[in-house]
Every structure is written in structure tokens, then in C-alpha cells.
Amino acid sequence: MVFRVIWLLNVFKMVPTYEMLMNVYVASWIFTGGLLLLIYLKHMRKLEKKAIK
């Protein structure tokens, strides 16, 4: 939700079109998916280090 507000206050303000408004959903899903992937990879590395010990 914070990402969408930042998008609206910055990107949409620069290009105030309907398409840019709808792009916030695509951008937020990509951002969320990337963030979840990073968290998952970090967690898996931690588990691998525990398993080695």
C-alpha cells in the first residue's frame, strides 16, 4: 500500500494518464514479488547454514 501511495505522489504526478494510474498495480505486484523472493532466498540461506552445522 505504501508503494502505491509513493507511486501516485511521484510517478502519476509526472505522467497523469489513466494508463499510468493502472500501471501502479503491475508495478506493485512486481515490487512485492521481488521483495518476497529476496526474503525467501535470505531465509533459505539461513536454514542451509543451520543444517551444515
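Predicted model: local features only at pLDDT ≥ 70, side-chain atom pairs only at ≥ 80, totals over all residues.
Residues are numbered from 1 along each chain as its sequence is written, and side-chain values use heavy atoms, with hydrogens and water left out.

Start with the overall form. The protein has two helices and zero strands. Helices (H or I, at least four residues) and strands (E, at least two) are DSSP runs, numbered from the N terminus. The radius of gyration is 17 Å, well over the 10 Å that the globule rule gives for 53 residues, so the protein is more spread out than a compact globule. That radius is taken over C-alpha atoms, and the globule rule is 2.2 Å times the number of residues to the power 0.38. Along the principal axes, the C-alpha atoms fill a box of roughly 55 × 15 × 15 Å. Of the 53 residues, 9% count as buried. Buried means under 20% relative accessible area, exposed over 50%, and partly exposed in between (1.4 Å probe, protein chains only).

Now take the helices in turn. Helix α1 covers residues 2–14. Its 13 residues should span 18 Å at 1.5 Å a residue, and its end C-alpha atoms are 18 Å apart, which agrees. The expected span is 1.5 Å times one less than the number of residues. α1 bends by about 35° at Leu8. The bend is the angle between axes fitted to the seven residues ending there and the seven starting there. Helix α2 has 35 residues. From first C-alpha to last, α2 reaches 52 Å, close to the 51 Å expected.

Where do the two helices meet? The buried residues of α2 pack against α1. In α2, Met20, Val24, Ala27 and Ser28 are buried. An α-helix has 3.6 residues a turn, so residues three or four places apart point the same way.

Trp7 sits in α1. At 15% relative accessibility, Trp7 counts as buried. Leaving aside neighbours within four places in sequence, Trp7 is in contact (heavy atoms within 4.5 Å) with Phe12, Met20, Asn23, Val24 and Ala27. A polar atom of the Trp7 side chain also lies 3.3 Å from the backbone oxygen of Met20. A polar contact is a pair of N or O atoms within 3.5 Å; within protein, one must be able to donate a hydrogen and the other to accept it, and residues adjacent in sequence count only if both atoms are side-chain atoms.

Ser28 belongs to α2, residues 18–52. Ser28 counts as buried at 7% relative accessibility. Its side chain reaches the backbone oxygen of Tyr25 at 3.0 Å. Not counting residues up to four places away in sequence, Ser28 touches Phe3 and Arg4.

Move on to other residues of α2. Leu38 is in this helix, and at 57% relative accessibility Leu38 counts as exposed. The C-alpha atoms of Leu38 and Ile6 are separated by 21 Å. Met44 also lies in α2. At 29% relative accessibility, Met44 counts as partly exposed. Met44 and Glu19 are 25 residues apart in sequence and 38 Å apart in space, C-alpha to C-alpha. Trp7 and His43 are 29 Å apart, C-alpha to C-alpha.
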